[in-house]
Amino acid sequence: VDIAAWNNQGLPSDRTSSENATILCNTERWPLIIDAQLQGIKWIKRKYGDDLKVIRLGQRGYLDSIENAVANGDTLLLENISETVEPVLDSLLGRNTIKKGRYIHIGD
């Protein structure tokens, strides 16, 4: 039922897109989706609309943006991640973050 609704929302009907959408919508952890054809990104942006924060690794203040999104429970899309993830993000992907008061610190 969900897959048909996702397809109506613009998700491509191929198996990989359906699997990625299932992971995205049902995971307890932060999902890492590979979208080589950039079709899923369009669907994600439509699905979350203005509630989605989109950043690119390496842009000015990207780490602060990630920390704020995690601390506030915001939905965040990191675009253009290469095959190797920057070491500073290892703790985030492994959910090894440090919470100090109202803030979450990532990295050293």
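This report describes salt bridges in a predicted model.

Residues are numbered from 1 along each chain as its sequence is written, and side-chain values use heavy atoms, without hydrogens and water. In this predicted model, local features need pLDDT of at least 70 and side-chain atom pairs count only at pLDDT 80 or more, while totals for chains, interfaces and linings use all residues.

The structure holds four salt bridges, each being a side-chain nitrogen of Lys or Arg within 4 Å of a carboxyl oxygen of Asp or Glu. Among them are these pairs:

| Pair | N to O distance |
|---|---|
| Lys 45 and Glu 79 | 3.1 Å |
| Arg 56 and Glu 79 | 3.6 Å |
| Lys 53 and Asp 74 | 3.9 Å |

Helices (H or I, at least four residues) and strands (E, at least two) are DSSP runs, numbered from the N terminus. Lys 45 forms its salt bridge with Glu 79; Lys 45 belongs to helix H3 (residues 39–48) and Glu 79 to strand S2 (residues 75–79), so the pair ties together parts 34 residues apart in sequence. Arg 56 also meets Glu 79 in a salt bridge. That pair links Arg 56 in strand S1 to Glu 79 in strand S2, 23 residues apart. Through shared partners, salt bridges join Lys 45, Arg 56 and Glu 79 into one network.

Buried means under 20% relative accessible area, exposed over 50%, and partly exposed in between (1.4 Å probe, protein chains only). Glu 79 is buried at 10%, whereas Lys 45 is partly exposed at 37% and Arg 56 is partly exposed at 43%.

In the salt bridge between Lys 53 and Asp 74, Lys 53 lies in strand S1 (residues 52–56) and Asp 74 in the loop between helix H4 (62–72) and S2, so this pair ties together parts 21 residues apart in sequence. Lys 53 is partly exposed at 39% relative accessible area, and Asp 74 is partly exposed at 28%.
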